[in-house]
Amino acid sequence: MRVLSGIQPTGNLHLGNYLGAIRNWVRMQDEMDSQSECFFFLADMHSITVAEEPAARIRHVRDMAAALIAAGIDPDRSVLFNQARVPAHAELCWLLNGTARIGWLNRMTQFKDKAGKNREGASVGLYVYPVLMAADVLLYQATHVPVGEDQKQHLELTRDVATKFNADFGVDLFTIPDPIIPKESARIMSLRDGTAKMSKSDPSDASRINLTDDDDAIMAKVRKAKSDQEMLPETAEGLAGRAEAANLVGIFATLSGESADAVCARFAGQGFGAFKPALGEVLVESLRPIRERFLALRGDDSALDAILQKGAARASAAAEPTLRAAYEAMGLMR
Ligand code: AMP
Ligand code: TRP
């Protein structure tokens, strides 16, 4: 089993990033047996499709790398790196541009969403984004690719590219990867509006729990979080139509590893005056060790860069035979 996944490096990391994305990778890594390998990378080459100051881009790569390690990704056990340090991604992407079809890319819903109305003004990079993603996966002969539902279409394109390349060049080079899509992935909502996703771009800092918030800040945000006047119900069914209440119970359940039903049963008949301090406590205890490791890692850029550099060297070595075989299959000398 070879697991591979990428994440866009973003800054201002919050509880939604941790519970919705980062924690899934840590679980995956921890469930691996000794025969399996995990490759996790920061998709900084994909991030050029978003306008950003160069200094911010570097900062965000380090932020996300530190958050992954702080949350439990072990850079000795898993191969952790940033894409830009492994030129094989860009090289294979170019080779696969000969295989991917314009018609396939035209069907990608993420391009349509992100390009919006001004499609003529979108970058070529945004259009070709799925081909780079195919290269990311195929370079390492990944068998399993954990992704969110929104990336399923890109994984299907990856499979199509692999199948067509193998057929066109009469080789059995690329492994056809399977997506792993969590059945119910945690979706954490804003503390100010239970119908909006918790987001780094919400102007209200009170809407989110940042990975860098200290214990007091977390407690204060939970205390001020929007809730309602009703009591907690016996079962999660009773949360229907109560977006804020459902979100707070959901956060508690996700962190404590219980079902929402179990959390409701425990607090049934009590109001948020009683529930919020308990939730604050769970949040503080879960996030404190991650925050402390994160801040320590973030205080030493060169140590963090050395970890990514080492990961990139391991990734390059793992990618090399496949990249070489792709050049050879196409009659290109290197
Ligand atoms: P972003 O910074 O929004 O690009 O998100 C980075 C990763 O965190 C993606 O995998 C998102 O799906 C995940 N994520 C961001 N916000 C949330 C949220 N409120 N709930 C769950 N997952 C989230
Ligand atoms: N596009 C993915 C996302 O936005 C990130 C990503 C880039 C990725 N390359 C990948 C995920 C390869 C899995 C495999 O979430």
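Biologist: How do the residues of the shell around ligand 2 divide into nonpolar, polar and charged?

Modeller: This is a predicted model, in which local features need pLDDT of at least 70, side-chain atom pairs count only at pLDDT 80 or more, and totals for chains, interfaces and linings use all residues; side-chain values use heavy atoms, with hydrogens and water left out. Residues are numbered from 1 along each chain as its sequence is written, while chains are lettered from A and ligands numbered from 1 in the order in which they are written. A residue is near a molecule, and so in its shell, if one of its heavy atoms lies within 4 Å of it; Ala, Val, Leu, Ile, Met, Phe, Trp, Tyr, Cys and Pro count as nonpolar, Asp, Glu, Lys and Arg as charged, and the others, Gly among them, as polar. For ligand 2 the division is eight nonpolar, five polar and one charged.

Biologist: Which residue has a polar side-chain atom 3.0 Å from a nitrogen atom of ligand 2?

Modeller: Ligand 2 is surrounded by 14 residues, the closest being His-46, Tyr-129, Met-133, Asp-136 and Gln-151. A polar contact is a pair of N or O atoms within 3.5 Å; within protein, one must be able to donate a hydrogen and the other to accept it, and residues adjacent in sequence count only if both atoms are side-chain atoms. A nitrogen atom of ligand 2 lies 2.7 Å from a polar side-chain atom of Tyr-129, and a distance of 2.7 Å is also found for Asp-136. The residue at 3.0 Å is Gln-151.

Biologist: What percentage of the area of ligand 2 does the protein bury?

Modeller: Accessible areas come from the Shrake-Rupley method with a 1.4 Å probe, and for residues only the protein chains shown count as cover. Taken alone, ligand 2 exposes 360 Å², and the share buried by the protein is 89%.

Biologist: Which element gives the largest share of the shell around ligand 2?

Modeller: Helices (H or I, at least four residues) and strands (E, at least two) are DSSP runs, numbered from the N terminus. Two or more residues of the shell come from each of strand 1 (2-7) and helix 6 (124-138). The largest share, four residues, belongs to helix 6.

Biologist: Is Ser-190 buried or exposed?

Modeller: Ser-190 is placed in the loop between strand 5 (178-180) and helix 8. A polar atom of its side chain lies 2.9 Å from the backbone nitrogen of Arg-192 and 3.2 Å from that of Asp-193. Buried means under 20% relative accessible area, exposed over 50%, and partly exposed in between (1.4 Å probe, protein chains only). At 2% relative accessibility, Ser-190 therefore counts as buried.

Biologist: Which helix do the buried residues of helix 8 pack against?

Modeller: The buried residues of helix 8 (residues 215-224) are Ile-218, Lys-221 and Val-222. They lie on the same side of the helix, because they cover an arc of only 100 degrees around the axis, taken from the directions from the helix axis to the C-beta atoms. The face turned away from this side carries the exposed residues Asp-216, Arg-223 and Lys-224. With contact meaning heavy atoms within 4.5 Å, the buried residues pack against helix 11 (272-298).

Biologist: What is the relative accessible area of Glu-244?

Modeller: Glu-244 lies in helix 9 (residues 243-256). Not counting residues up to four places away in sequence, Glu-244 touches Asp-193, Gly-194, Lys-226 and Ser-227. Glu-244 is buried, with a relative accessible area of 14%.

Biologist: What is the phi of Asn-12, which is not a glycine?

Modeller: Most residues other than glycine have a negative phi. Asn-12 is found in the loop between strand 1 and helix 1 (15-31) and counts as exposed at 51% relative accessibility. Its phi is positive, at about 50 degrees.
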